[in-house]
Amino acid sequence: SLYNLASLELRENLLTYLPESLAQLQRLEELDLGNNELYHLPETIGALFNLKDLWLDGNQLAEIPQEVGNLKNLLCLDVSENKLECLPEEISGLTSLTDLLVSQNLLQFLPDGIGKLRRLSILKVDQNKLIQLTDSIGDCESLTELVLTENQLQSLPKSIGKLKKLNNLNADRNKLTSLPKEIGGCCSLNVFSVRDNRLSRIPSEISQASELHVMDVAGNRLMYLPLSLTTLKLKALWLSDNQSQPLLTFQTDTDPETGEKILTCVLLPQMSSELGCQDNLPRCGALESLVNEMSEETWNERAVNRVSAIRFLDDEKDEDDDEMRTLLRRATPHPGQLKNMKKTVENLRNDMNAAKGLDSNKNEVNNAIDRVTTSV
């Protein structure tokens, strides 16, 4: 009977169901049911025509009623941290939706109808079981942030290049083996992260995303980077988990198989563990493939045993060992260690300066005593 109620917050309780009479709250604009024990939503939820924000995160929902598509004024829908295995095709009716949060569920697919959400700006589908991203994603013309972290994706649709307003694309920890060249069509892309996938190359068309400033490709299987990256104004390019600086110095090289001009650096490529590859170390090792005609099990096995062209000196024994010697360098500290080291050095310098000050004062006192003694 609370006919004039505009906002109802019931978060963090032990609710297991909602009364049918909820549909009578025709002026309700905000409904927060997050972190309860809801297993089912009544179909009457679709009667809340003025609803703008609906939070259902942290429940036990296995499905969402198709009537939710009647919420034409809904701006934000949060159903993250549930047990959803699919979203209803009727979600296409949420024509005003700007934020859709479905993180931490059991979704394998997104409905094709999601392409009709032309005002959708933020889509978070991380920590699901997505094995494919619908082609209709390219019709979400207002999308600025797309988070696909921790799924089972092996590829991205070509239509992703139609997302002209996309600013942040995160597909970390998937099973991506390739990227579509159409990715360069994301002309507003600022942050692009595909860490911990199975990529062996980055398409040169990525340089068409002229606003790209941060790119994270660490934890992949890259043998080289496209030369076109030099046309971008990158502020950070992450190639490995322990890289100490955001940007590296690159050298130009040529792919002997395709003749393509490429970029290499001290981190690319990792050398094969096969003995025969040792003969190639002096010539940049240059592009020995670690991934061609190789099964997943073989890759994992060889990744553990593969030898880098750069060896690290950790103890005196390494310094005396001339066998298989190429280029030696000290292990690069983690950025966090560098900060601690810098702080330690600064403290040591301050202590030394203070000590020098004490010594200087002592010398002045001693000289004064000597002068007095001499005078006497």
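Is Arg118 buried, partly exposed or exposed? At 41% relative accessibility, Arg118 counts as partly exposed. The close-ups below show this residue and others in a predicted model.

**View 1. Glu141 and Arg118 form a salt bridge.** Glu141 is partly exposed, at 45% relative accessibility.

**View 2. Asp139 pairs with Lys162 in a salt bridge.** Here the N to O distance is 3.1 Å. Asp139 belongs to the loop between strand 6 and strand 7. Lys162 belongs to the loop between strand 7 and strand 8 (168-170). These residues are 23 apart in the chain. Asp139 is partly exposed at 29% relative accessibility, and Lys162 is partly exposed at 46%.

**View 3. Arg195 and Asp216 form a buried salt bridge.** Their closest N and O atoms are 2.8 Å apart. Arg195 is in the loop between strand 9 (191-193) and strand 10 (214-216). Asp216 is in strand 10 itself, 21 residues away. Both residues are buried.

**View 4. Arg11, Asp32 and Asp57 make one network.** Salt bridges with shared partners join these residues. The structure's salt bridge count is 6.

**View 5. Cys76 and Cys140 are buried cysteines.** Cys76 has a relative accessible area of 10%. Cys140 has a relative accessibility of 0%. The structure holds 0 disulfides.

Key:
Residues are numbered from 1 along each chain as its sequence is written. This is a predicted model: local features need pLDDT of at least 70, side-chain atom pairs count only at pLDDT 80 or more; totals for chains, interfaces and linings use all residues. Side-chain values use heavy atoms; hydrogens and water are left out. A disulfide is a pair of cysteine sulfur atoms within 2.5 Å. Buried means under 20% relative accessible area, exposed over 50%, partly exposed in between (1.4 Å probe, protein chains only). A salt bridge is a side-chain nitrogen of Lys or Arg within 4 Å of a carboxyl oxygen of Asp or Glu. Helices (H or I, at least four residues) and strands (E, at least two) are DSSP runs, numbered from the N terminus.
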